[in-house]
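Have the sequence and the coordinates open as you read.

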Amino acid sequence: MSYDDVEIEDMEWNEELQSYTYPCPCGDLFQITKEDLKLGEEIARCPSCSLYITVIYNMEDFLGDSDQHKGIQPSKQQSVTVA
Amino acid sequence: MEESEKEKNKSERLLLWSWGAGTDGQLGTERLQDQQIPQQLSISSVSSLACGGAHVIALTSAGKVLSWGRGSSGQLGHGEVVNNVLYPKAVTSLDNYFITHVSAGWSHSGFVSDKGCLFTCGDGSFGQLGHGDYASHSSPVIVSSFVDQHVAQVACGMRHSLVLLKGSLSNQVYGFGSGKRGQLGVSKDKIKYINLPEVVNGFEDVEIVGVSANGDHSAALSVDGNLYTWGRGFKGFEDSHLPQCLNSTLKFTKATLGWNHALAMTGEGEVYMLGGNHLGVLSDLHTVRQAKQLTVDSREANLEKVPGLDETKITDIATGAEHSVLVTENGEIKTWGWGEHGQLGLGDDGDRISPVTVSLGYDLSEAASTKVYCGSGFTFALTKP
């Protein structure tokens, strides 16, 4: 059973993992790649446990130009300020 | 156990155990691996802990702060971004302050000093650090909104934070960070996120003594024992954008939140659960209620006493994302819920639907106090002689 339904706009783009991620209750991250999204895959899995979530998104947003997709807000993720 | 260890145990000192998910070093065992049975740690002088997504913040009785576990967002406060820290390391930038209260969220952290200053560090992508921007910080930074106030407590959730002020009856509780599920409680309207503290609505005539946050949930306890919750609705219930008082005659003294459930303890040592029937967190999977979209007024129906405890009084409670822990008056630690990473400490990766006693290999009945703390998928127990 899917652990949760999560909208793509609530997922964060992770440059290192090249995936959209969302916190997993085990402490790791649910992950899904743009390629998966283009194929219509809606399950984001956690590499550390058996849980997975269902990603809510429009497949059309991920078709066409590879990196610039409409409807997805740019990631707010910024580098960490090292004091 | 080594003979020398046994000797040490007899001396008057605190004891610390950890178990569960450990692949970010959060167990403090100096290993990157899960542990299905409690591991005794040799960390001394810890007076309390806060456990987050995969990091731990420890407070010493001298007001100093140690942290370990995942540090990839700067949540450890060491002034550098590291994947993980395997051993307790001092947060030296707070050395000039006497820290009295700490909280660990999914990937951010909060620290409160005896003078009432609030510091935050870690992931700020959702405004959850409260500095007026979305920057992340790897060293604790003072939250300037509260420099003229006395902060008593901070509570860090997945992507939001709550703050309780001391001696400020009209504006006691503040929220900032992600508000999509209503977890900020600052407006009945949908708020995506705010990066500066705003007052939580609904506590104008109530004295709040404690706040908690986890996942997309928020909670507060009033001085007369009423429990307020807001944010993501517990299973089968709608989200609430403003604090809702639980319709119950029970008087609660402590409440802790998971990602889909909550535990609340009464002054008489009884423990009740809200939400649940999720991943086995809850009691009885065979009596799943058809509670779809119930209004908040009927939430008492969702509150049930934790089964299998008979008349045993409970002295402490803690909740991970999907597991629960309690301490009985006899010093026993019991766990239930999701167990895939060993977070129940029962020697396997199975789930439990009601409390089961954890064996620490140590008699806790003589301990003056045993406290339990949960991170998302892991658990700590701390006993004081």
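## A strand covered on both sides

Strand β9 of chain B, residues 118–122, is mostly covered, with five of its five residues buried. Buried here means 20 or more other C-beta atoms within 10 Å of a residue's own, exposed means 12 or fewer, and partly exposed is in between, with C-beta atoms placed from the backbone. Strands (E, at least two residues) and helices (H or I, at least four) are DSSP runs, numbered from the N terminus. In a regular strand the side chains alternate between the two faces of the sheet. On one side of β9(B) sit Leu118(B), Thr120(B) and Gly122(B), on the other Phe119(B) and Cys121(B), and all of them are buried.

Which strands pair with β9(B)? β8(B), residues 108–113, runs antiparallel to β9(B) and is joined to it by five bridges, while β10(B), residues 136–142, is also antiparallel and has three bridges to β9(B). Pairing takes at least two DSSP bridges between two strands. For individual partners, look at Val112(B), bridged to Leu118(B), and at Phe119(B), which stands opposite Ile142(B).

## How to read the model

This is a predicted model, where local features need pLDDT of at least 70 and side-chain atom pairs count only at pLDDT 80 or more, though totals for chains, interfaces and linings use all residues. Residues are numbered from 1 along each chain as its sequence is written, with chains lettered from A and ligands numbered from 1 in the order in which they are written.

## Chain B as a whole

Chain B comes to one helix and 28 strands. Its radius of gyration is 19 Å, close to the 21 Å that the globule rule gives for 385 residues, so chain B is as compact as a globular protein of that length. (The radius is taken over C-alpha atoms, and the rule is 2.2 Å times the number of residues to the power 0.38.) Its C-alpha trace spans about 60 × 50 × 35 Å along the principal axes, and 55% of the 385 residues are buried.

The largest nonpolar core has 113 residues, and Leu49(B), Cys51(B), Val65(B), Val173(B) and Ala264(B) touch the most other members. Such a core is a set of buried Ala, Val, Leu, Ile, Met, Phe, Trp, Tyr and Cys residues joined through C-beta atoms within 7 Å. Strand β11(B), residues 151–156, gives the most to this core, with five residues. Leaving out residues up to four places away in sequence, Val65(B) touches Ile57(B), Leu59(B), Val91(B), Leu94(B), Ile99(B), Val102(B) and Phe111(B).

Asn226(B) sits in the loop between β16(B) and β17(B). With 17 C-beta neighbours inside 10 Å, it counts as partly exposed.

Chain A follows the pattern β-β-β-β-α-β-β-β along the sequence, and 33% of its 83 residues are buried. An unreviewed UniProt entry places "domain: DPH-type MB" at residues 2–58 of chain A; such annotations may be inferred rather than shown by experiment, and positions follow the numbering used here, with feature names shortened. Over that stretch, the chain is 9% helix and 40% strand.

How many residues of each chain are in contact? On chain A there are 16, and they are in contact with 28 residues of chain B, where a contact means C-beta atoms, placed from the backbone, within 7 Å. Chain A's side has seven nonpolar, six polar and three charged residues. Ala, Val, Leu, Ile, Met, Phe, Trp, Tyr, Cys and Pro count as nonpolar, Asp, Glu, Lys and Arg as charged, and the others, Gly among them, as polar.

Notes:
Two residues are in contact if their C-beta atoms, placed from the backbone, lie within 7 Å.
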